[in-house]
Amino acid sequence: MTGQVEEAINHMKKRLAENNHIFEAKEDGFIYQATCTFNSPASDEEIDSFEKKTGLHLPEDYKEFLKITNGCKLFETCESGGENDLYSLDDIMNYTYEIPFEGRFKVACIYQDNIVIDGDAVAKGDSEYIMVKGHLDDFEEGEKLNMGFAEWIGRFISDQGEKFWDKR
């Protein structure tokens, strides 16, 4: 494993002030204060149990994320509320309600968009398995982002929580 996810998360943590706050500048020049919270890591046993229970195979870079933080909230502000949730294993089970997962599962909710891992693509060895869909859309309406989780989270952090996929 390249450690790209760990590098991105550690970079984010280094930028945080003592109280988990960070000051960021939006594209329009507005400066805001945001918080970031990280959950405890998932164990190998929890990850294995999730895979057995769901029949889904998690990609290695996503497992790396879970072993660092089993879900987190990034760039939360008073204005936006809790709109940048990267799900824990339990959250994936709670928030992926589509018929029976359809080989895909939601791993984050970012300002009304779901970030989805295409389990079928992972099973085929495709390294570009991340998709995005509107939170009310079916999986079939999702769009491939042509990247894996490590690249996605790195870009999301470097773009300060902005939906970079909308700018393509």
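1. Let me start with glycine 154, which sits in helix H6; helices (H or I, at least four residues) and strands (E, at least two) are DSSP runs, numbered from the N terminus. Glycine 154 is partly exposed, at a relative accessible area of 25%, where buried means under 20%, exposed over 50%, and partly exposed in between (1.4 Å probe, protein chains only).

2. Some housekeeping before going on. This is a predicted model, in which local features need pLDDT of at least 70 and side-chain atom pairs count only at pLDDT 80 or more, while totals for chains, interfaces and linings use all residues. Residues are numbered from 1 along each chain as its sequence is written, and side-chain values use heavy atoms, with hydrogens and water left out.

3. On the overall layout, I see 6 helices and 8 strands in the protein. Read from the N terminus, the order is α-β-β-α-α-β-β-α-β-β-α-β-β-α. Of the 168 residues, 49% are buried. Take the contacts (heavy atoms within 4.5 Å) with a separation of 6 or more: 49% of them link residues 24 or more positions apart.

4. Which residues of H6 are buried? They are Phe149, Ala150, Trp152, Ile153, Phe156 and Ile157. Viewed down the axis of H6, they fall within an arc of 165 degrees (taken from the directions from the helix axis to the C-beta atoms), so they line one face of the helix. After H6 comes glutamine 160, with a positive phi near 55 degrees.

5. Setting aside neighbours within four places in sequence, phenylalanine 65 contacts Val5, Ile9, Gly71, Cys72, Leu86, Tyr87, Phe149 and Ile153.

6. Strand E6 (residues 113-118) deserves a look, as 6 of its 6 residues are buried. Asp113, Ile115 and Ile117 point one way, Asn114, Val116 and Asp118 the other. On pairing (at least two DSSP bridges between two strands), E6 runs antiparallel to E5 (residues 104-110), with 6 bridges, and lysine 106 stands opposite valine 116. The E5 and E6 hairpin has 2 residues between the strands, and tyrosine 111 there takes a positive phi near 40 degrees. E6 also runs antiparallel to E7 (residues 130-134), with 5 bridges; here asparagine 114 stands opposite lysine 133.

7. Last, the cysteines. How many disulfides does the structure hold? The count is 0, a disulfide being a pair of cysteine sulfur atoms within 2.5 Å. For cysteine 36, the closest cysteine sulfur is that of cysteine 72, 7.9 Å away and so too far for a bond. Cysteine 36 is buried, with a relative accessible area of 0%. Cysteine 109 is buried as well, at 17%.
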